[in-house]
Amino acid sequence: MTTTHQSKEPAVTPELAAEYGLSLEEYQRMLDITQRTPSFTELGIFSVMWSEHCSYKSSRVWLKKLPTKAPHVICGPGENAGVIDIGDGQAAIFKMESHNHPSFIEPYQGAATGVGGILRDVFTMGARPIANMNALRFGSPDHPKTRHLISGVVAGIGGYGNCVGVPTVGGETNFHPSYNGNILVNAMTVGLADTDKIFYSAAAGVGNPVVYVGSKTGRDGIHGATMASTEFTEDSEEKRPTVQVGDPFTEKLLIEACLELMATDAIVAIQDMGAAGLTSSSVEMADKGGLGIELDLDAVPQRETGMSPYEIMLSESQERMLIVLKPGREDLAKAIFDKWELDFAVIGRVTDTGRLVLKMHGETYCDLEVGPLVDRAPVYERPWEPTPPQADIPASEAPLPGPATEVLHRLIGGPDLASRRWIWEQYDSQVGADTVAASGGDAAVVRVHGTNKALAITTDCTPRYCFADPVRGGAQAVAEAWRNLTAVGATPLAITDNMNFGNPQKPRIMGQFAGCIQGMAEACTTLEFPVVSGNVSLYNETNGEGILPTPAIGGVGILPDASLAASVAFKAAGEAILLIGDTVGHVGQSLYLREIHGREAGSPPPVDLAAERRNGDLVRGLIRDRAVTACHDLSDGGLLVAVAEMAMAGRIGADIDLPAGLDAAGFLFGEDQARYLVTATDADAVIERARVASVPVLRLGTTGGTSLTVGGTDAISVDGLRTAHEAWLPAVMAGGADQPTS
Amino acid sequence: MKAAVIVFPGSNCDRDVSVALEHATGHKPAMVWHRDSDLPQVDLIVVPGGFSYGDYLRSGAMAAQSPVMREVVARAKSGTRVLGICNGFQILTEAKLLPGALMRNAGLKFLCRTVDLRVENADSAFTAGYAKDQLIRLPVAHHDGNYFADADTLARIEDNGMVAFRYVTPDGAIDASGNPNGSANAVAGLFNEGRTVLGLMPHPERAAEPLHGNTDGKPLLDGLVEALS
């Protein structure tokens, strides 16, 4: 079969294909599949399906190296989101996804539709979304665009999440000049479903109706996926029309309507229309089912007149879903969508041809074999070169320039460690009334509605580590997620990853990708913490300058009893403060070295995964047995920063001893991994349990008073720290009246 | 106490308040869809938080015109207790069951935090669980909570003891630092003249059990059960 004449469509040539992102080699590959010159609509379909964003053509060979299985994994990567068993017939469904390029061009809508998209990925599978998280990276705080971007992104995330009624319970925000021209906006959603009510995307049942629901299709977001697959240049602002526009109210209706339909037995398969819209949803449903789909594009609800088949297929209008219904269930389904006042249209049928056939105005605009479109998509084994190792920097090269508390004051009131309250107060973190802990702790804790269980959720990555040593950095990102979940008492279950990197055609960048994957795989294996979903965002470069490699990790764990959740705040005066894990004083790539000595240098801290596991298992046991009263993981900024965070949260001071024989700077500000601070009323019991578990433990000091005192004489008031900690971000956002000192 | 919760398509605190009411009364409240105009006979009607019809116009403006709200207004006028929380408060002002309006927060941003409040008037079914001048803490989460009324209306509100809760500092003082959204007279919760209708921006249903880390909202619900059973 061929397509009938499309006189209004441009003729397809290699030159035109190149404009749509297909290389000459890819053009030839397309011709090998079609055996004829494709129509313009077909070219558009190849172009988006074979874009980096949809095909993972540069990353696929590497992603296969990640462990994805565990007894509790119900569905790993490949579906809309990952699914894990959380007991009692319930499943947690989650994924993290980037919306980097759109958010840089149009921060409010870019971030808002990022949230909308990830929500759909989760409720498509039958889950009610119960928590949103995010991982944000902005450029230097004094870069002229940074304030505008923060302001728009945060308002966009809040504007969407607050309206749909899903609490935004946490996340992370970093600043680094490498993101000046290419911010990262990674959004994560966690949902809750019954294990016997999980929905997949594989079409089935020849003749079954294919139904379109949600918003009408417009011309917005055409070729968004292709945009996300190229580098930025000076004129990227011109791509603003490719950014979609979100409508959270419609999304809320869509969630409720889909969940209502899912409670019936009407659905065979369901898929959201995300990147590449109707194209990728219909192709994926047909491909996964090994069947064909024929669509009548005249039936697609449209909000603009005169749309071409190409535009309808490539539109990334938001809040739309594609559903294959069981025969005869159309009326039942339509009644539900009518109730929620959403569009509902039967736009096609499942066929046995294995072909995607698109008709409009009585003509055939597309007739493609689905299998090869997916199976024969290009896969590249891009050349890569390993990142050269960095030298270790001895702590003696970075002595304390003054009292430790002055250094602490600068760090805690600086860009990386200052409070993000200005951001998270714009997010409704409590809607649902199941939030046990939101931003400000090591991990968010959200009760599983109607039970005593809770999910713990965190997002983590330390990009400067990944840049200096991708293998260590990749392992550290996974280990830190595992540690943060452990620090609230949860059993870590699985992760989603959002791989944000530069141009994969550069061997140096591909080496960063390969290294991070290697480190992540090692950590996932040792910690039994598999990857169940993820997203890759490449070409995060502007004018040839790449971002720091940023494999953002979203981790999910389970607490059998929400009331067991530990928090970071000191609870009472007179309690022992104990440091769990080994401290050698590694200052390379530490915030201390960068902020105080102006050196972003050296090797990042080694990651001993066996120690990570041993130490974490001990801490989790202590929390579950209520043997500790507070717990905090050690990460950015090191030991003294963690003590200060616990003191500020509890508004209680502490006396900290300096052990002999260790360099003070390394001890207080080094970023050795696999460490926790806990407080206890019975320190000896904790020390004994650590000894039995062969875990290093150090009695560090005692809580109490209103100051933080180090080594007996060097003191600073907790209120003073708090003021510095809270002042920085509001000052930056108010217009740089009080710019960072670094 | 029998209760009904009004459900607009964009309501998103309907389930939360329903759970809190169930805990307080021992049975589930009736959930009433926005297109229904036959409301069951109940002692309390709750208009919950959320975004009613998206609130792309003015928060609560469209909801106030919906079929179910005509019935809510009629019931309120015949003395049925009506509680509007957050978006519910906005809807009750738009429906003229309460005077004044809720404008965009003075800081122009959505704001989610736990605030300090003072109970101004404990002489109502809604506030009987508290003592006058008691200091409590409740979470707020809104973009449009900046209460406004003209000078005459404010005077009438104050003269008639219509302020239920006021935003205060942790010490109980009324000043700008304790007022999260710029509300006139620091109004956080407002009665009608008969004190049979209450609108408030804070969310008592989010501070109603130990896991919330705060149970200061529970006396409001328990007080209602006590008064209306």
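Does A:Asn500 count as buried or exposed, and at what relative accessibility?

Analyst: Happy to. A word on the ground rules: this is a predicted model, in which local features need pLDDT of at least 70 and side-chain atom pairs count only at pLDDT 80 or more, while totals for chains, interfaces and linings use all residues. Residues are numbered from 1 along each chain as its sequence is written, chains are lettered from A and ligands numbered from 1 in the order in which they are written, and side-chain values use heavy atoms, with hydrogens and water left out.

Now to your residue. A:Asn500 counts as buried, at 0% relative accessibility. Here buried means under 20% relative accessible area, exposed means over 50%, and partly exposed lies in between (1.4 Å probe, protein chains only). A:Asn500 lies in strand β17 of chain A, residues 491-500. Helices (H or I, at least four residues) and strands (E, at least two) are DSSP runs, numbered from the N terminus.

What surrounds A:Asn500? Leaving aside residues up to four places away in sequence, A:Asn500 touches A:Ser98, A:Asn100, A:Leu184, A:Asn186, A:Ser537, A:Asn540, A:Ile547, A:Leu548, A:Pro549, A:Thr550 and A:Ala552. Contact means heavy atoms within 4.5 Å. With A:Asn100, the side chain of A:Asn500 makes a side-chain polar contact of 3.0 Å. A polar contact is a pair of N or O atoms within 3.5 Å; within protein, one must be able to donate a hydrogen and the other to accept it, and residues adjacent in sequence count only if both atoms are side-chain atoms.

The nonpolar cores come next. A nonpolar core is a set of buried Ala, Val, Leu, Ile, Met, Phe, Trp, Tyr and Cys residues joined through side-chain atoms within 4.5 Å. The largest has 98 residues, of which A:Phe337, B:Leu44, B:Leu83, B:Tyr147 and B:Phe165 touch the most other members. Helix α10 of chain A (residues 248-262) gives this core its largest share, 9 residues. A second, separate core has 62 residues, including A:Phe513 and A:Val536.

A salt bridge is a side-chain nitrogen of Lys or Arg within 4 Å of a carboxyl oxygen of Asp or Glu, and the structure holds 53 of them over all chains. In one, the closest N and O atoms of A:Asp88 and A:Lys453 are 2.9 Å apart. A:Asp88 lies in the loop between β2 and β3 and A:Lys453 in the loop between β15 and β16 of chain A, so the pair ties together parts that are 365 residues apart in sequence. A:Asp88 counts as exposed at 67% relative accessibility, whereas A:Lys453 is buried at 8%. Another bridge joins A:Asp121 and A:Lys95, with closest N and O atoms 3.8 Å apart. A:Asp121 lies in helix α7 and A:Lys95 in strand β3, so this pair ties together parts that are 26 residues apart in sequence. A:Asp121 is buried, with a relative accessible area of 5%, and A:Lys95 counts as buried at 8%.

Finally, the two chains meet. In this interface, 31 residues of chain A are in contact with 28 residues of chain B. Together the chains bury about 2,400 Å², 55% of it on carbon and sulfur atoms. Buried area is the accessible area (1.4 Å probe) that two parts lose on being put together, summed over both. A:Phe249, A:Glu425 and A:Gln430 supply 25% of the area that chain A buries against chain B, more than any other three residues. Between chain A and chain B there are 5 salt bridges, one of them linking the side chains of B:Glu209 and A:Arg447 at 2.9 Å, N to O. There are also 17 residue pairs in polar contact between these chains, both residues being at pLDDT 80 or more. Of the side of chain A that touches chain B, the largest share, 4 residues, comes from α10(A).
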